Amino acid sequence: MVKPRVLAVGAAAALGAVLAGCGATAATKGPLVVAGVIAITGTSSFEGSNQYDGIPPAIYEINHDGGVLGHKLVFKGVDTRGDPADALPAVQQLLATSNNLVAVAGPDTGSAPTIVPVLNSAHIPMMAVAGESVYDHNTAPYFWRLFAPDSANGIAMGLWAKQKSFTRVAAVFATDPGSQGDLPGVLASLKALHIQLVANISLTPDQSSYQSSVSQLIQAHPDVIMTESDGGTAGTFFGELKSLGGLVPIIGTLATYTPPWLTAVQSAIGAADMRQDYAGLITAPSKPTAAVTAWDQAVKGAKSKLPVSVHAAQNNPFGVTYYDGMIAVALAMVAAKSTNPVDFNKKIASVCNPGPGKKVVYSFAQGVAALKAGKQISYFGATGLIKFDKYHNSFGGMEAVTSSASGSTIKLGSVSVASIEAVHVKGVA
Amino acid sequence: MGQLLASSADGIVVAAILAVAAMGFTLQFGLTNVINLSFGAVMTIGGFTAYLANVAHLNAWLGMLLGGVAGAVATVALGRGVLRLYARRRTQLFEMMMVTLGMGLVIDYGLQAISQNAIYGYTVLRGAPLRMGPIAVTPIEVGIIVMALVILVAAEAALKFTKLGKALRATAVEPSLARSCGIQTGRVVLITWTVSGFLCGIAGVVYIISTQSVDYSTGELFLPLVIAAAILGGVGSIRGAVVASLVMGLVTEIVAGYGGAAYSTVAGFAILVVVLLVRPGSVSGGAEDRQLVL
């Protein structure tokens, strides 16, 4: 018969083992969890689905090339619904149930203010797409952003409008958190650049018609529209705008330069008008490099895990950003020789930022080989040069692009980082 | 004044789209007492069917008809193939509602997988707008309004003047008494599912003609408005559903027209809240006391 005291000691030991397993450190060679804390459902799901497209290719490439220190990576989806109230319990559940969680892709704009402190306290590195300018001077050590802040997007849109001599802007943004996140930056930049805002129209997503809003816009006589919404909403709105003869040039945020938005709007207004009137402001894409080739191959390798076509995923600016983020995290683990986030988080900037004597690598496999050879590395991503500042932000210049009927990117012009930084906006959260 | 006229015209267009769906929803709800939350998913099936017909270069009106047929087939399959099984196990109203919600999600996410989560453009029957002062409507929008009116008149006439309509009303009021009077209630229910499903499919097509695109969530996003209009109009009342659609359409578009687009849906649902507060009995129609008729 087992004595109660022995039983208690045994139970305590078992409990201790379980609790130890619940820590962030991955002590075994079991799989490591990479979570996508993104809006899988809800009104911001159009952004979440764009962001998701980058994660399976990164996991595919890393696992295909041997994994991280002998561990395979696995994906776990966490649905924020773009809403902090839904995101918080979902993330708390993630932390409680995933003992080998090493990194998070996310959170998004809507849920970041609630989720960033939670993940930061749990010592989980996050590659966020949160555009809030509060993160321009981020102090959370586990927060990383490979993405232009909303204010920079807004300024770039304003500067592009100025380059094109537009003087009367109508802002048309959907009411979902993701779209609204960009609006303050746009409005502030218009003010700073002395461009007149003639209408500010909010669209409730997925309505059967927006004719009253279209009429309101036409009466304001804008010479350009600045916009962000999901594809379905945009298709309906711009289709009705064209039907009523009010179509004017459109400047879209990065979120508009995604296959669902482009497909819906192109169907609604026609390829010719799309080519003539639409410009999307996106993070300047990298010139063709080995990193872009690696990204393209990774997308092909992960195609069975993607809800969209290979072509659509390869041209998804959100997806490629997350891909770079996850590759950087994996290389940081290899560089730190540890899967403990407390150890490898410090290495994320050092495996990316350029520096004297560093070997430039363009893929996970190249990075691992160089690190094994005892070299310091600088990961040059599929998005281009990655250079994190002291606030853990890295973004480059912006480029105005449009889409051909076949879906190819056509460059219209560029907006440099220097010109964006020269514009000082006030009051952008 | 010009803005009011323009917004009112837009509101009537929205109301017509809503009315087609709400009539189908309330017809089936009024008879079977099932709050069919898979209605939106079936609308999406109708929409995708019309889209595929368009891809196959079929006439747009034929596409609409096929969308209606697809909606009818899906609804009958759901009603006879799934819901009746649950009804035989004495499933209650709320549980049945959850079954329809589950079926709706199965359809939605099935379509999401098949459609690769993409949005497909559907730009048919577009034409230059007809203008009368501040009012501008496209020919297809006029067509949708006419269609809604034709369905209203036909449904009201059928319910009032045909044997089937009388049988349907009798079954809705007291199914056991209707059966004892020789009415084949099973046949009445089957026909109601078919007609409701057909209108649901047509509504899906009409909706995507207006939005000019279709994706897996198309109908689901429209469903709250459909249910609101059906409830506001009084359960089982075709005429009520149309009037409620008109009220909701006008309110949402007038609010949007005066710069409150972000609050237009809020205003529409605020009406429902007020009606629930003032006339709570008119909403349920005593449905909570009734049995499922399947």
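What percentage of the 429 residues of chain A count as buried? In this predicted model, the share is 58%.

**Figure 1. Overall dimensions of chain A.** Chain A holds 18 helices and 14 strands. Along the principal axes, its C-alpha atoms fill a box of roughly 85 × 50 × 40 Å. The radius of gyration is 23 Å, which agrees with the value near 22 Å that a compact globule of 429 residues would have. Of the contacts between residues at least 6 apart in sequence, 73% join residues at least 24 apart.

**Figure 2. The five-stranded open sheet of chain A.** The strands pair in parallel, in the order β2-β1-β3-β4-β5. Because β2 (73-79) and β5 (143-145) of chain A stand at the edges with a single partner strand each, one side of each has no neighbour in the sheet. On average, neighbouring strands are turned by 25° against each other, direction ignored.

Figure 3. Strand β4 (residues 126-128) and β5(A) pair in the parallel sense over three bridges. A:W144 in β5(A) stands opposite A:M127. Helix α3 (residues 55-64) of chain A packs on the sheet and touches β1 (32-38), β2 and β3 (101-105); its direction makes about 165° with that of β2(A). Helix α4 (residues 84-97) of chain A also touches β1, β2 and β3, with an angle of about 150° between its direction and that of β2(A).

**Figure 4. The side of chain A that touches chain B.** Here 29 residues of chain A are in contact with 32 residues of chain B. Elements of chain A that each supply at least two residues are β7 (196-203), α8 (211-220), α9 (231-243) and α10 (259-269). The largest share, six residues, comes from α9(A). By type, the residues on this side of chain A are eight nonpolar, 20 polar and one charged.

Key: Residues numbered from 1 in each chain as written. Chains lettered and ligands numbered in written order. Predicted model: local features only at pLDDT ≥ 70, side-chain atom pairs only at ≥ 80, totals over all residues. Contact = placed C-beta atoms within 7 Å. Helix = DSSP H or I, 4+ residues; strand = E, 2+ residues; numbered from the N terminus. Nonpolar A, V, L, I, M, F, W, Y, C, P; charged D, E, K, R; others polar. Rg over C-alpha atoms; globule rule 2.2 N^0.38 Å. Buried ≥ 20, exposed ≤ 12 C-beta atoms within 10 Å, placed from the backbone. Pairing = 2+ DSSP bridges. Axes fitted to C-alpha atoms, helices over the stretch in contact; angles between N-to-C directions.
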